[in-house]
Amino acid sequence: MVAPDLLGKLLAAGEGAGSVVGRIVETEAYTVDDPASHSFRGPTARNRVMFGPPGHLYVYRSYGIHWCANVVTGGLDDGEAVLLRAVELVEGVGLARERRSGRTDRELANGPGKVCQALGIDGTHDGTDLTQLSSPVRILDDGHPPPARPITGPRIGITKAIDVPWRFRSP
DNA sequence: AAAGAGATGGTCT
DNA sequence: GACCATCTCTTTT
């Protein structure tokens with residue numbers, strides 16, 4: 001599983017009437033070789049999930065205010081994850097509008113902190129197994145293929161290794 | 001349209 | 001004590 005493969009997949013959170021689902025349209029890859037990655041200096045209490053099994057959710061607090069969510073993509077001890085930067089909502093838009101009141105629809109989940117706000121993802125979801133249908137947060141594959149030719153570009157919001165085009169977006 | 005600054009708190013040195 | 005994988009609001013072109 002590499003970063004572009006997540007494009008087109010569905011990210012789902014919540015149960016029943018409280019569920020919000022979005023199609024992943026922008027991701028960003030992080031590895032242990034990357035000075036900008038939380039895993040660069042090895043496992044810590046915060047990033048331990050990154051070194052766990054793949055298919056789990058790594059959630060961290062950004063700037064003391066926002067939550068950001070990653071999918072662990074490497075094998076055990078690899079420390080690889082993909083930041084979920086943006087989704088297009090396909091279900092539960094009403095609830096997302098309530099959580100992000102005052103925003104236009106396109107501003108509901110077009111950023112990593114906004115994705116978590118719109119879907120209701122927070123620190124309690126750190127370590128969630130995304131492959132279990134019964135999990136509070138999960139990744140679903142509805143057959144929608146990833147883009148054949150994703151748009152790539154430099155990563156955002158970091159100051160290190162910005163020359164590597166490890167950011168991917170659906171056209 | 002673009003640029004700047006403040007909020008706010010955990011994590012690591 | 002410094003540094004942020006951000007967002008929003010305000011100010012300036």
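1. Basis. This is a predicted model, in which local features need pLDDT of at least 70 and side-chain atom pairs count only at pLDDT 80 or more, while totals for chains, interfaces and linings use all residues. Residues are numbered from 1 along each chain as its sequence is written, chains are lettered from A and ligands numbered from 1 in the order in which they are written, and side-chain values use heavy atoms, with hydrogens and water left out.

2. Elements. Chain A contains two helices and eight strands, where helices (H or I, at least four residues) and strands (E, at least two) are DSSP runs numbered from the N terminus. Their order from the N terminus is β-β-β-β-β-α-α-β-β-β.

3. Overall dimensions. Along the principal axes, the C-alpha atoms fill a box of roughly 40 × 35 × 30 Å.

4. Of the 171 residues in chain A, 47% are buried; buried means under 20% relative accessible area, exposed over 50%, and partly exposed in between (1.4 Å probe, protein chains only). Among contacts (heavy atoms within 4.5 Å) with a separation of 6 or more, 56% come from residues 24 or more positions apart.

5. Helix α2. Six of the eight residues of α2 (residues 112-119) are buried, namely P112, G113, V115, C116, A118 and L119. These buried residues pack against β1 (10-13), β2 (20-30), β4 (66-72), β5 (81-91) and α1 (93-99). Just after α2, G120 has a positive phi of about 75 degrees.

6. Two glutamates. E28 belongs to strand β2 and is buried at 0% relative accessible area. Its side chain makes a polar contact with that of Y30 at 2.8 Å. A polar contact is a pair of N or O atoms within 3.5 Å; within protein, one must be able to donate a hydrogen and the other to accept it, and residues adjacent in sequence count only if both atoms are side-chain atoms. E15, in the loop between β1 and β2, is exposed at 53%. Apart from residues up to four places away in sequence, E15 touches S134, S135 and R138.

7. S39. This serine lies in the loop between β2 and β3 (57-62), yet S39 counts as buried at 1% relative accessibility. The side chains of S39 and S37 are joined by a polar contact of 2.7 Å. Beyond four places in sequence, S39 contacts T31, V32, N47, M50, F51 and G79.

8. Positive phi outside glycine. Y63 has phi near 55 degrees; Y63 sits in the loop between β3 and β4 and is exposed at 72%. D77 has phi near 70 degrees; D77 lies in the loop between β4 and β5 and is exposed at 58%.
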